[in-house]
Amino acid sequence: MTPMQKLLQLPVNAMNMVKTAQDQMGQQDEAKSPVMTPDGGNHNWYNGEPNDPRHIRFGSGGGDQEERAHLEEGGGSLSSLVTQPLRHDDLKEMLDSNKDSLKLEAMKRIVAMIARGKNASDLFPAVVKNVACKNIEVKKLVYVYLVRYAEEQQDLALLSISTFQRGLKDPNQLIRASALRVLSSIRVTIIVPIMMLAIKEAASDMSPYVRKTAAHAIPKLYSLDPEQKDCLIEVIEKLLADKTTLVAGSVVMAFEEVCPERIDLIHKNYRKLCNLLIDVEEWGQVVIINMLTRYARTQFLNPNMNESLLEEGGGENAFYGTDNDDDTEDEEDEEKEKKKTEATAIVKRKPYVMDPDHRLLLRNTKPLLQSRNAAVVMAVAQLYFHLAPKAEVGVIAKALVRLMRSHSEVQYVVLQNVATMSIKRRGMFEPYLKSFYIRSTDPTQIKVLKLEVLTNLANETNISTILREFQTYIKSNDKDFVAATIQAIGRCATNIGEVRDTCLNGLVQLLSNRDELVVAESVVVIKKLLQMQPEQHSDIIKHMAKLTDNIQVPMARASILWLIGEYCEHVPKIAPDVLRKMAKTFTNEEDIVKLQIINLAAKLYLTNSKQTKLLTQYVLNLAKYDQNYDIRDRARFIRQLIVPTDKSGALSKYAKKLFLALKPAPILESPFKDRDHFQLGSLSHLLNAKAGGYQVLPDWPEAAPDPSVRNVEVKESVRAVETVTARDRGPLGAPQNPRGARGALL
Amino acid sequence: MIHSLFLVNSSGDIFLEKHWKSVVSRSVCDYFFEAQERASEPENVPPVIPTPHHYLISVLRHSIYFVAVIQSEVPPLFVIEFLHRVVDTFQDYFGVCTEAAIKDNVVVVYELLEEMLDNGFPLATESNILKELIKPPTILRTVVNTITGSTNVGEQLPTGQLSVVPWRRTGVKYTNNEAYFDVVEEIDAIIDKSGSTITAEIQGVIDACVKLTGMPDLTLSFMNPRLLDDVSFHPCVRFKRWEAERILSFIPPDGNFRLLSYHVSSQNLHPLRSTSLVAIPVYVKHNITFREGSSQGRFELTLGPKQTMGKGVEAVLVSSQLPRGVLNTNLNPTQGTYTFDPVTKLLSWDVGKINPQKLPSLKGSMSLQAGASKPDENPTINIQFKIQQSALSGLKVNRLDMYGEKYKPFKGIKYMTKAGKFQVRT
């Protein structure tokens, strides 16, 4: 089994297979083990043993799961059944009985089977008969069953359709809604026309709850039959005009799944959506905010237009400088800040006037930063990041930092987004620097992300504090984290000239660390730093040359060799000796090290051929017969280039220039740089790769499209909101409309 | 949005699956298991895992992984927040959210999941709406149901679903009308070697238990609302009123709920001042040393109260991850008991109450691996404690008023401070 395990690369399933196989030997009833075969064919697996005798012998523990689930619900009646090795017959019998309690019992057991991933499809005919059962719990469980298996048993599923059609006409709105829900959830292509009809009808139902269900049904039908798109868009258009908060979130969801490109459908509903937003349920809010972000990007002008021009011309410092100022103001006094920044904003960019609808969106989303739902806060944060004038973006920092106290998964996602934001808008998070300090109890993935943010936030003023923090981190037990810290120090050193020497000294001290990983990581980082000013640091290069005797990590060895080769003129005595040692161990080195040995040999040959000619030839000969073709290739190429022969081409004259050209120092960049071309908060942003169904965030238009498209002829919705508001201005915040006070008048 | 959900226990068994669209084979979880194997610690499994055809988004709670399968773009936080909401709902229904509880109540779990998502999009997540649709299991109800044949499932659309206050059902009746509020603050801090505070912040919540008849409209005001400049609210709180008057005005949900959470840190109030405004209630004197070449290390720890506003510090628990090189410890506590696990190297000392007259201390020696070099890092000390009857930030409720109903409710408020992530570096 072990080689197979490897072959399949499915460790856990393979393990389970072992278990299953063992069971097989013990008893014949293994088929009911809930474990699936790795090839994904659980249905065949179960169907292959239709006469399995053991499906209700719960708790007998044949598989690796305990089937305790049932003992409790059944109470006494179940225990007598448990011992009888029956087939599904008894369940069928129970389902056929007149007693609702027996039916319920049977359905509960069947649902439990489904929950455990067992196949209960052979019960389909018996279950479907009960679709019209009076008992509502039985009915609900039958629905659960239907939705799960209808796709596999399409013909039989049709038997249930008439019941749902009747249900659609029921006076009880809950029944109408659930009938539509199930009807649209059973994925049977034949009933597409019936579904379409039902959705159309439900979209004009009296009850907003049924209309909401209709909105939910739209994407279901669309995924079943994309041909219906045009008809569905009509329904979406109709539901978008709905004025209840209950429907808004669901219909925008449908819009996003069916026709996200039809941005024109939003125009007339834009203001209404903005005004309803605060009263929509949380999940709907997320969807609406994300959609409106995209909408705003197509309809309004870039509020930072002038600054983006400045940015291109001016240096980084000036740009961050202004940002800083604005942000400190934010913290000092929020009330004043708004007026002030708005005022300055107007002064600063005279030609730009924000569309009032753009302002409406920003104003109506801002209170949602106070939501208890992290997804809503993130949605508003990304909206502000992508749409707000630079001076106003600061407000989101506090809310995002607050989310960091939440569950670690939330932290993980928030930190990823903060990392991206902190590159573009460093000033925003600077006041919260300490909130990103790392605790020894943080999971490593959180530590690394916090480190990323800290590095992005580092500047001349706070670098000494940050470096002091880093010193604590380097002593951590968590070696992956230590490696990441060393990288971070390297990045701080490249970005901030003043501390380069301090950092370098610190890293050199780490070279004598006992942990090899730490040393290796330091070597790699030092190499990058030295490239910036090699002249002053020949002693460090010497120190590193000594390390080649001990350090084994290939990347570190390669880095040292490259350094010595590159700066062999600074260490003329040591370099040939290093080459001598390396020639001795050449055959045992890793490929990247071998390449660097060849490199070193070539460079030394060019600068100091007297001492190293023979050594170089030896190394090249070894390389010529190496197993790796890259290395053979390199050897051949280098020999032609550096050893002058009659045949050697024009290039060999320039060999020295080629090898010892002045190379630009590497720029250590954040992996989060430029990630903001993905909409923040999205899955695609997190993975830094486009996920299926991702809607690209468009660039701002050059000229604003006609704003009058958003005008609504009959301003009914606006007026409705206004009347609510008027009522709410009462002394007690209007108990008769409790949410209005929260929502309206923003 | 959310395609399927798999629940995975700590030994890697999938013990529940639920699909909201077409069935996704459970073999998709293999990618999750692979990531799990790569991760050194359970909490290091990445919350988002891309696979060739799906994305797996998972949360870990009560040592159960809730793995959601996603097929296309969706904000990851949306899914994560929803999964946490699912866990909270289970906890609310079954008291605990363990594998056993979920298995025992598998039918209710399934009914709940069915109501919470429709086609993968959240439908009803508000606890009181769910409770009207599916009644939580109790022993009494199970008995009654078996005798009378009634069900756990509501037949009418929950009133909340359509009302403007979806979080409250209509027709609530109590004989004793009570409203209790708990102000609980947790202090997070990092204290450095020398005892100075590197960062300190307070994370506070006001949890409420409101059992009031009818449709009461409450207002809660504070003595010092200025402290609350970074807050998040339950949806019932009228935001406008808060902005204008700094008064919490709301129609409460029925039962237990979190009214608001807030965050107080020195940074929020004074971005440029580095001194901390957050009082640190305990101090630690420590002397943990390892000498090069010696197989013994010294360990000394003394705790004392600092700024506690005259209240006693209770339920003190000290824990520390000692370096790998430590084989065993030989320590003497002046009070309480200590344990050291030689495998995980976790030292924990249950101190109990701090007596300011006689400070608790833990002294002794650690034996180290012979010949091994001295550990790089000195251990970090994590401290837990509780202070009753006081909120560290000084937040005080001024008064609670009720409008809209005639009766006189019984009102109560309680304050408590706890240590959150309180770490002392040595």
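Two strands pair if DSSP finds at least two bridges between them; helices (H or I, at least four residues) and strands (E, at least two) are DSSP runs, numbered from the N terminus. With that in hand, 9 bridges join β14(B) to the antiparallel strand β15 (residues 296-305) of chain B. This is a predicted model, where local features need pLDDT of at least 70, side-chain atom pairs count only at pLDDT 80 or more, and totals for chains, interfaces and linings use all residues. Residues are numbered from 1 along each chain as its sequence is written, chains are lettered from A and ligands numbered from 1 in the order in which they are written, and side-chain values use heavy atoms, with hydrogens and water left out.

**The sheet in chain B**
- The open sheet has 4 strands in the order β14-β15-β20-β17, with antiparallel pairing.
- At its edges are β14 (282-290) and β17 (326-333) of chain B, each pairing on one side only.
- Val284(B) has Leu303(B) as its bridge partner in β15(B).

**Lys220(A)**
- Lys220(A) belongs to helix α13 (residues 208-224) of chain A.
- Its relative accessible area is 6%, so Lys220(A) is buried (under 20% relative accessible area; exposed is over 50%, partly exposed in between; 1.4 Å probe, protein chains only).
- Apart from neighbours within four places in sequence, Lys220(A) is in contact (heavy atoms within 4.5 Å) with Arg181(A), Ser184(A), Ser185(A), Asp118(B) and Asn119(B).

**Cysteines**
- Over all chains there are 0 disulfides (a disulfide is a pair of cysteine sulfur atoms within 2.5 Å).
- The closest cysteine sulfur to that of Cys259(A) is in Cys231(A), 13 Å away and so too far for a bond.
- Cys259(A) is buried, at 0% relative accessibility.
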